[in-house]
Amino acid sequence: MAERILDVKNLKIDFHTYAGAVKAIRDVSFHLDKGETLAIVGESGSGKSVTTKSLMGLLANNAEVTGGSIMFHDQDILKKSEKEMQNIRGKDIAMIFQDPMTSLDPTMRIGQQIAEPLIKHKHVDKKKAWSQALELMKLVGITDAEERIKNYPHQFSGGQRQRIVIAIALVCYPEILIADEPTTALDVTIQAQILELMKELQEKIETSIIFITHDLGVVAGMADRVAVMYAGQIVEYGTVDEIFFNPQHPYTWGLLNSMPTLSSTKLEAIPGTPPDLLDPPKGDPFVARNPYAMKIDAEQRPPFFKVSETHYAATWLLHPDAPKVTPPDEIVRRRQTFKDIMAHKAI
Amino acid sequence: MSEKRKKILEVKHLKQYFNVGKPDEVKAVDDVTFDVYEGETFGLVGESGSGKTTTGRSIIHLYEPTDGSILFEGKDISKLKTKADFLSFRREMQMIFQDPYASLNPRMKIKDIVAEGIDIHHLAKDDAERSKMVEDLLETVGLNRDHSSRYPHEFSGGQRQRIGIARALAVKPKFIIADEPISALDVSIQAQVVNLLKDLQREHGLTYLFIAHDLSMVKYISDRIGVMHYGKLLEVGTADEVYAHPLHDYTASLISAVPVPDPEYERNRKQIPYDASIEQDHPDNPRKLREIVPGHFVRCTEDEVAGYRKKAEAYKQKA
């Protein structure tokens, strides 16, 4: 069995605002094993970015962790002081941000920006750090690295900047790499290159990746496991095949159904908007937008029902007494594919 | 078939250069020619910097074209001179913008935002009629009638985009340019807005120029598609043709880069690289859009037509 390096248990985070406490994360648990890629998908406001910020100790001042633990190996990140976090951030857990235009310092040569974590965390001398920075620039595919190491961020294109951001994140060979929408700001052809690069580097330096995105296409190509978040909770998690081909939660159905594929002829939108987390619904958070909702969905939060060893979903539809419902056509089609894959695996 | 339909917009050899004559001259749109037929959706796709937004802005006359002409319902829009000319032109053609946070004035109430066109064109005879028109429009785009006295900050991104659509519809236009109307929205909301645009088109007989970089969404909403790259239009055809049988290497490369929400497909995906050097121009052998099979055009030289025809034939054999 793979080594477990991160274990998040019953995490709860509130944001204090003038309107009251926004319950952004409401009892979230997940884990990360060595070498795997976990994708967290969800809409804006679902809590996916807040979750990862808490792993880095980067929560805003008005945020309050009201419960739970984040175990990184045998230490609880939530109990660390800011000083201790500075020794973890960038060394053991590193992050790639969404916007490569704003995540680099415009006044610093990029060589120095890549070398900085080495000098700070690994106490490498400056000359050696620059030569390692050069190696890494070549590794992430910057041509003429010897020349360009002295350049400033504005001299690079968006795709190149994201390569540099990746180089900075990986320079200390972190155990966990958090990528928060790393390709959303890029064109599709550049996106494909960056994703390919991330996969290659993951193999080379054996890091685990938490990939935050709303793009299910990207998830399908990158993830080993997927957690679907909605309104501050994880509603379903499983292996990438289980989530895409055998989804159980109506929200996951809705997401898959509202994405156009190159062959789709009809789009089924999810009606309505996500709930207000100032006053979150007490039952299944998806109840108001769920065409399959039952009476109990409005009253009681569903527990996780086990679908397989690796696949769990929080929906009352999986309760033994629940009526059998037929999911949308697109989901039925996907489930057929799942049967084919499982049959193929059995052989 | 399509030849018999009425052309509502004809773009002929449009060139839109910036900083003309200076060392940093940019040929944002370089000799682009295409037609849009009444009642259809024409999708313009390309990466950032390909000139798709500039093309849209030239068509609605936010720029003076460097060269070429744009005919809307047979009339050259560069000949519009008087204020009255522009008023009647903009009543026919409206625009929906990309960023629903930046395109609504935060200090105006929704009813005043939506009614701005109604006021300018004097479409309502009194206040009561104006309010009724606004409320009807809000209902048309799926908002609440009593939202009209609120301010933009009270709405989510998807709702704001609906307000932008209501504003465009207020003057009952024939032609709407939608510039990346959904790229700032969440997945579950994108489908809502796209379906709304489709319904409105059916009910009001609208023609759309849909500009976007999201190829799967463009394919879904468009009847025909034009693929742009570096200011040039490389391929034009029906949406199904272009996606199933891409002829230009760039189109094939672009399609191969689109992530698909299907892990099986993604595991076997091969990205097709694209070498832009094949687009080099030869002065004695000019590249322009040439019809390869009926309704499907590729930008190429005379000599290359035969090769593309063979490629199209091979696709047909496969099917």
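Which strand order does the open sheet of four strands in chain B have? The order is β2-β1-β4-β5, with antiparallel pairing; two strands pair if DSSP finds at least two bridges between them. Welcome to this predicted model, in which local features need pLDDT of at least 70, side-chain atom pairs count only at pLDDT 80 or more, and totals for chains, interfaces and linings use all residues. Residues are numbered from 1 along each chain as its sequence is written, while chains are lettered from A and ligands numbered from 1 in the order in which they are written.

**The sheet of chain B**
- Strands β2 (26-37) and β5 (75-76) of chain B stand at the edges with a single partner strand each, so one side of each has no neighbour in the sheet. Strands (E, at least two residues) and helices (H or I, at least four) are DSSP runs, numbered from the N terminus.
- Strand β1 (residues 7-18) of chain B runs antiparallel to strand β4 (residues 67-72) of chain B, and five bridges join them.
- B:Lys15 has B:Asp67 in β4(B) as its bridge partner.
- Helix α1 (residues 52-59) of chain B packs on the sheet and touches β1, β2 and β4 of chain B. The direction of this helix makes about 115 degrees with that of β1(B); angles run from 0 to 180 degrees between N-to-C directions, and axes are lines fitted to C-alpha atoms, for helices over the stretch in contact.

**Two helices of chain A**
- Helix α3 (residues 110-121) and helix α4 (residues 126-139) of chain A pack at about 120 degrees, with their axes 8 Å apart.
- That makes α3(A) oblique to α4(A); angles under 35 degrees count as roughly parallel, over 145 as roughly antiparallel, 65 to 115 as roughly perpendicular and the rest as oblique.
- Residues of α3(A), including A:Leu118, meet residues of α4(A), among them A:Trp130.

**Domains of chain A**
- Chain A is assigned domain 1 (34-61 + 82-223) and domain 2 (232-346); such bounds come from an automatic or database domain assignment.
- The centres of domain 1 and domain 2 of chain A, taken over C-alpha atoms, are 32 Å apart.

**Where the chains meet**
- Chain A gives 31 residues to the contact and chain B gives 30 residues; two residues are in contact if their C-beta atoms, placed from the backbone, lie within 7 Å.
- On the side of chain A that touches chain B, α8(A) provides the largest share, five residues.
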